[in-house]
Amino acid sequence: ALMGITGVFSAALAVSVTKFVPYYKGKDQQSEILSLVSGLMKIFFLIGLLVLLFFIVFKHQLSVFFNIPYELALVFVGAMIFVSSLQTINLGAISGLQKFSFIAFVSFAQNFLKFAFGLALIYLGFKVNGAVLGMVLSVFVVYLMTFIPLKNFYSFSTGLRGLPWKKFAVYSMPAAFSMWGIASLQSADVVLVKKFFDPNFAGV
């Protein structure tokens, strides 16, 4: 439920990237696509790293607050947010470049790897931590795979200037908060039940 609520910001990011990449592709401005993708990757790498560090430092407090006895699983949730935000940028760019067959392939691969990693780690005795870690590993592997069709659109020496970052933010923020509101209605009850009710009574 926590990953569902926080993951909507990544989904909104993907929608925004998918909107802007075709615009630059239509004008044959590959340098602008390079600047957009590389610039967003730098920004969200730092944001995601801060989120991960927050989950690492405050894992005990978060565990007590949400009544979750698996502190390590909360660290994996932070890692999931970190990696998925980076993966989302690449997937949005790939969608904008209209490489839909690759999107279908990595979607299947992620679901398969999630099942395979989770099953293997649970079998090895990692239980809940193994299930969450399996999700993180599947997202990370697919993230690495997304660099294949984007190998010509990355340059970590590219600056952040020259792009309509204000337009990007204006488009992204309403989408993010609207999607967050919908996800909160769907998942907030699970978080609240877990926090305020006995685990046996709540069934979670």
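Buried here means under 20% relative accessible area, exposed means over 50%, and partly exposed is whatever falls in between, with a 1.4 Å probe and protein chains only. By that cut-off Met80 is buried, because its relative accessibility is 12%.

Some ground rules before going on. This is a predicted model, where local features need pLDDT of at least 70, side-chain atom pairs count only at pLDDT 80 or more, and totals for chains, interfaces and linings use all residues. Residues are numbered from 1 along each chain as its sequence is written, and side-chain values use heavy atoms, with hydrogens and water left out.

**The overall picture**

The protein chain has eight helices and zero strands, so helices and strands need their definition: they are DSSP runs (H or I, at least four residues, for helices; E, at least two, for strands), numbered from the N terminus. Along the sequence that reads as α-α-α-α-α-α-α-α. Of the 204 residues in the protein chain, 41% count as buried. With contact meaning heavy atoms within 4.5 Å, residues 24 or more positions apart account for 79% of the contacts that have a separation of 6 or more. The chain exposes about 11400 Å², and carbon and sulfur atoms supply 72% of that; accessible areas come from the Shrake-Rupley method with a 1.4 Å probe, and for residues only the protein chains shown count as cover.

**The core and helix H4**

A nonpolar core is a set of buried Ala, Val, Leu, Ile, Met, Phe, Trp, Tyr and Cys residues joined through side-chain atoms within 4.5 Å. The largest one has 42 residues, and those with the most contacts inside it are Val17, Val21, Leu36, Leu40 and Phe168. Two or more residues each come from helix H1 (2-26), H2, helix H3 (59-66), H4, H5 and H6. Which helix gives the largest share of this core? That is H4, with 13 residues. As background, in soluble globular proteins nonpolar side chains tend to be buried together.

H4 is mostly covered, with 22 of its 26 residues buried. From its first C-alpha to its last, H4 reaches 38 Å, close to the 38 Å expected at 1.5 Å a residue; the expected span is 1.5 Å times one less than the number of residues in the helix. Met80 sits in H4. Just after H4 comes Gln98, with a positive phi of about 65°. Gln98 is in the loop between H4 and H5, and it counts as exposed because its relative accessibility is 52%.

**Helix H6**

H6 covers residues 127-145, and its 19 residues should span 27 Å at 1.5 Å a residue; the end C-alpha atoms are 27 Å apart, so the two agree. Among the buried residues of H6 are Asn129, Gly130, Val132, Ser138 and Val139. What do the buried residues of H6 pack against? They pack against helix H2 (30-57), helix H4 (71-96) and helix H5 (100-123). Lys127 is exposed, with a relative accessible area of 62%.

**Pairs apart in sequence**

| Pair | Sequence separation | C-alpha to C-alpha |
|---|---|---|
| Met80 and Val139 | 59 residues | 7.6 Å |
| Phe112 and Ser138 | 26 residues | 8.3 Å |
| Ile47 and Ser85 | 38 residues | 9.2 Å |

Phe112 is in helix H5 and is partly exposed, with a relative accessible area of 48%. Ile47 is found in helix H2, and at 41% relative accessible area Ile47 is partly exposed as well.

Patches are made of residues with over 30% relative accessible area and no salt bridge, joining like charges within 9 Å and nonpolar side chains (Val, Leu, Ile, Met, Phe, Trp, Tyr) within 5 Å. A salt bridge, in turn, is a side-chain nitrogen of Lys or Arg within 4 Å of a carboxyl oxygen of Asp or Glu. Phe45, Leu46, Leu49, Leu50, Leu53, Phe54, Ile56, Val57 and Phe58 make a nonpolar surface patch of about 820 Å². One of them, Leu46, has its place in helix H2, and Leu46 counts as exposed because its relative accessibility is 53%.
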